[in-house]
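Subject: Structure handover

Hello,

Here is the structure I said I would pass on. My notes on it follow below.

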Amino acid sequence: MVISKLKIYDTLKKETLLFNPIHPGYVGMYVCGPTVYSNAHLGNCRTYISFDIMFRYLLHLGYKVRYVRNITDAGHLEGDRDEGDDKFAKKAKLEQLEPMEIVQRYTVDFHQVLAQFNTLPPSIEPTATGHIIEQIEMARKIIANGYAYENNGTIYFDVEKYAKEYPYTQLSGRNLDELLTNTRELDGQEEKKGRLDFALWIKAKPETLMRWPSPWGEGFPGWHIECSAMSSKYLGSEFDIHGGGMDLVPTHHTNEIAQNFACHQTNPAKFWVHTNMLTVNGQKMSKSLGNSFLPDELFSGSHPLLDKGYSPMTVRFFMLQAHYRSTLDFSNEALQASEKGFIRLMKATKLIDGLKVKDATTIDLEGLTASVYQALNDDFNTPVTIAQLFEGVRLINLLNDDKETINAEDKLALKKLFTEIVFEVLGLKEENVAGSEKIDGLMDVILSIRQEAKAKKDFSTSDFIRDRLKTIGFEINDGKDSTSYLTL
Ligand code: AMP
Ligand code: ZN
């Protein structure tokens, strides 16, 4: 059995508490997945990288983890309050595709993007469209328990009734009366009894493309019910961790908790875990604000706010330098520092094998190991973990310069510590060639030959070089004054 010293912050109790799973040795974790109607931006990636670290650390501790992360492929309207167009239908019209073609395109993009960041796939990735029956069933139970009502083919959750018995706003910490006074009535929603009521099932309009039969006529599920239905199906009505970005707290997760209490009389998750936002000049990165970056724009350096491109592992390393509950602001300077730091960490990791072995160890390896685990056990504190690893880098460099010594057993332990924490838990990986001095030198030679060919208008040679490099994983970017490359 795993003995845990891990502490995690729970948004619901507003406390950092010792983590002990409901079933010893097993962890159930549900994370709200993407709405696949557009490319995943870097902000989305930050959230999934944060949960990837948690997943990896729980596995490292020896737990059997079932990590469920859904794909929202139906039912997400533009507004959080059942107003506006369906996101998939709107995009489908714009791109002249079927809604399911939109879903497929952006699901594939999401997987590719996360794979570049070396995140592990979840254990189960259920889709909303694949669980219509479960969502109808849950809505039916909530109606039977008296917390939802039908009006003209749409099913609403009765928030005011629920809030008389349960603390509806506990997760967000908002004041219910203020919410009631400040929430405006939306046009066309006079079917609701109360202005905070939200839809579990929405009646299809004649033009609605994605629609399913139900006991209440043809329609489609509301956004919140999918996560309640799928988390209960795969993890049970009570499981260990439920996560998502902090922006999901006031509506999506508040409503999920309400649905679960109304259906199963339980709070689904022992720990509600929320990741903070990636910001640009202090403002949340979001598609609607127009300040979002696509990972590819960052890797190639093509985004106007960037000085140059950064590799996926540099970006992952940059993300880990803030605690997941703090905001992280995007800047060229921070990325440059991360690039240097990442290379320094990788270089030191590589030095361990070649360290000379002596009879005695003069460094405090036990202290280093303890402080690394202390940081990870402190609510997955990656910035402190990295600071401790850099203390390790300093020691490795001293050992390499014969200023300290290490015995054979400790050398193995040092290697194990670095391999397990850097690669397994932080999920970093060698980007083999990028950034290495020899390859940079070699590429300089090749790119100057190509430059000469271009100057002589010998475009068949310059294109040949570009295309051949691409097939072996190097992408050439022709800038205004210079040419750079990146590994794919
Ligand atoms: P969506 O596809 O819009 O449902 O978002 C997917 C996930 O990304 C959700 O958990 C959001 O909370 C999260 N997210 C959106 N924007 C950001 C951001 N700027 N920083 C971190 N996470 C974000
Ligand atoms: Zn969700």
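A polar contact here is a pair of N or O atoms within 3.5 Å. With that cut-off in mind, note that this is a predicted model, and that the distances below are computed from it.

Ligand 1

An oxygen atom of ligand 1 sits 3.1 Å from a polar backbone atom of Gly245, and that pair is a polar contact because the cut-off is 3.5 Å. Another oxygen contact involves Asn44, where a polar side-chain atom is 3.1 Å from an oxygen atom of the ligand. Gly43 takes part through its backbone: one of its polar backbone atoms is 3.0 Å from a nitrogen atom of ligand 1. On its own, ligand 1 has 490 Å² of accessible area, and the protein covers 90% of that.

There are 15 residues around the ligand, and those that come nearest are Gly43, Thr47, Asp247, Leu278 and Met285. By type, the shell holds 6 nonpolar, 7 polar and 2 charged residues. Helix H1 supplies the largest share of this shell, with 4 residues.

Helix H1 and helix H14

H1 covers residues 42–60 and packs with H14, residues 408–425. Their axes are 9 Å apart, at an angle of about 140 degrees, and the two helices are therefore oblique to each other. On the H1 side the contact is made by Ile53, Arg56, Tyr57 and His60; H14 brings Glu420, Ile421, Phe423, Glu424 and Val425. These residues divide into 5 nonpolar, 1 polar and 3 charged.

Helix H4 and helix H7

H4 makes the contact with Glu134, Gln135, Met138, Ala139 and Ile142, while H7 uses Ile225, Glu226, Ser228, Ala229, Ser232 and Lys233. The count by type is 5 nonpolar, 3 polar and 3 charged.

Ala163

One single residue is also in my notes. Ala163 belongs to helix H5, residues 159–165. Leaving aside residues up to four places away in sequence, Ala163 touches Tyr168 and Leu176. Lys192 is 29 residues from Ala163 along the chain, and the C-alpha atoms of the two are separated by 16 Å.

Regards

Terms used: Residues numbered from 1 in each chain as written. Chains lettered and ligands numbered in written order. Predicted model: local features only at pLDDT ≥ 70, side-chain atom pairs only at ≥ 80, totals over all residues. Heavy atoms only, no water. Axes fitted to C-alpha atoms, helices over the stretch in contact; angles between N-to-C directions. Parallel < 35°, antiparallel > 145°, perpendicular 65-115°, else oblique. Contact = heavy atoms within 4.5 Å. Nonpolar A, V, L, I, M, F, W, Y, C, P; charged D, E, K, R; others polar. Near = heavy atom within 4 Å. Polar contact = N/O pair within 3.5 Å; in protein donor to acceptor, adjacent residues only side chain to side chain. Areas by Shrake-Rupley, 256 points an atom, 1.4 Å probe, with all protein chains shown as cover.
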